[in-house]
Amino acid sequence: MIQTDFSNSIHLIEHLKNGDERAYEYLVDIYHHRLCIYASSLVNDKDQAEDIVQNVFIKTWERRDNLKTDFTIKSFLYKSVHNEFIDQYRKQKSVTALEKKYIEELERFTEKDEIFFEKLLGIVQQEIQNLPPKCRKIFLMSKQEGFSNIEIAEQLNLSKKTIEYHITKAFAILRQKANNDIGPILFLLYRFRNIK
């Protein structure tokens with residue numbers, strides 16, 4: 001059998017539209033792991049991330065007739081994973097006005113190149129690591145582990161006002177580094193735990 005080169009996005013999409021299962025297998029082989037990593041950054045749950053990616057691949061195959069040859073398949077898949085995450089998030093809980101605002105901002109991000117999005121995500125994660133040690137610890141206890149300010153104060157034997165100071169300081173530093181994009185990115189990383 002002649003080996004087909006699917007590395008060309010247009011060529012790959014054409015074969016997918018024609019129902020070529022080899023093209024679909026190539027798609028899964030190349031992008032499954034990358035998309036699972038991306039989905040994991042959205043949901044912080046390996047099993048749910050894999051479910052999201054699986055759903056994206058299934059829908060891509062079922063709706064392959066609708067694929068357009070004038071876009072890159074990589075961007076399409078990343079955006080599809082993001083959209084699937086948003087759909088699942090909305091189904092799981094009622095969305096507050098603040099969450100709705102950030103979801104809309106995330107959708108704006110994914111309309112740009114996914115490389116821009118990943119780069120911004122990387123910047124924010126790096127800047128969190130660059131925070132002063134005590135500031136970083138308090139910030140992560142609040143945003144990543146979900147402790148209240150009072151719980152953090154009790155655990156670290158500090159005043160509630162000190163905890164609030166460090167969280168405010170962390171946000172100020174991060175906003176300076178990531179400008180107005182900090183809110184949506186922190187939503188993505190920490191699921192709106194006390195984000196203000």
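Among the contacts in the chain with a separation of 6 or more, 65% are accounted for by residues 24 or more positions apart. The structure is a predicted model, and its secondary structure comes to 10 helices and zero strands. The chain has 196 residues, of which 41% count as buried.

**Confidence of the prediction**

- The pLDDT of the chain averages 78, and 73% of the residues score at least 70.
- Confidence is highest in helix α8 (residues 149-156), with a mean of 91, and lowest in helix α10 (residues 182-190), where the mean is 61.
- Over residues 191-196 the pLDDT stays under 50, although the model has 27 contacts beyond four places in sequence for this stretch.

**The largest nonpolar core**

- In soluble globular proteins, nonpolar side chains tend to be buried together.
- The largest nonpolar core of this model has 27 residues, and those with the most contacts inside it are Leu16, Leu27, Leu35, Phe57, Ile73, Leu77 and Val81.
- Helices α1 (9-17), α2 (21-43), α3 and α4 (73-92) each supply at least two residues of this core, and the largest share, 10 residues, comes from α2.
- Leu27, one of the core residues with the most contacts inside it, touches Leu12, Leu16, His32, Phe57, Thr60, Ile73 and Leu77 when residues up to four places away in sequence are not counted.
- Apart from this core lies another, of 15 residues, among them Val124, Cys135, Phe139 and Ile152.

**Helix α3 and Thr60**

- Helix α3 (residues 46-62) has 17 residues and reaches 24 Å from its first C-alpha to its last, which is close to the 24 Å expected at 1.5 Å a residue.
- The buried residues in α3 are Gln48, Ala49, Ile52, Val53, Val56, Phe57 and Thr60.
- Thr60, which lies in helix α3, counts as buried because its relative accessibility of 5% falls under the 20% cut-off.
- Leaving aside neighbours within four places in sequence, Thr60 is in contact with Leu27, Leu67, Phe76 and Leu77.

**Arg136 in helix α7**

- Arg136 is found in helix α7 (residues 133-143), and it counts as partly exposed because its relative accessibility is 24%, a value between the cut-offs of 20% and 50%.
- The side chain of Arg136 reaches the backbone oxygen of Leu131 at 3.3 Å.
- Arg136 and His166 are 30 residues apart in sequence, and their C-alpha atoms are 8.3 Å apart in space.

- Ile163 has its place in helix α9 (residues 160-178), and it counts as buried because its relative accessible area is 0%, which is under the 20% cut-off.
- Not counting residues up to four places away in sequence, Ile163 touches Ile138, Asn149, Ile152, Ala153 and Leu158.
- One of these contacts is with Ala153, and the C-alpha atoms of Ile163 and Ala153, which are 10 residues apart along the chain, are separated by 6.3 Å.
- Asn157 lies in the loop between α8 and α9, and it counts as exposed because its relative accessible area of 69% is over the 50% cut-off.
- The phi of Asn157 is near 55°, a positive value in a residue other than glycine.

**Cysteines and disulfides**

- A disulfide is a covalent bond between the sulfur atoms of two cysteines.
- With a cut-off of 2.5 Å between cysteine sulfur atoms, the count for this model comes to zero disulfides.
- Cys36 is buried because its relative accessible area is 10%, and Cys135 also counts as buried because its relative accessibility is 1%, both values being under the 20% cut-off.
- Cys135 is included in the core of 15 residues that lies apart from the largest one.

Conventions
Residues numbered from 1 in each chain as written. Predicted model: local features only at pLDDT ≥ 70, side-chain atom pairs only at ≥ 80, totals over all residues. Heavy atoms only, no water. Buried < 20%, exposed > 50% of the residue type's maximum accessible area, 1.4 Å probe, protein only. Helix = DSSP H or I, 4+ residues; strand = E, 2+ residues; numbered from the N terminus. Expected span 1.5 Å × (residues − 1). Contact = heavy atoms within 4.5 Å. Core = buried A, V, L, I, M, F, W, Y, C linked by side-chain atoms within 4.5 Å. Polar contact = N/O pair within 3.5 Å; in protein donor to acceptor, adjacent residues only side chain to side chain. pLDDT = per-residue confidence, 0-100.
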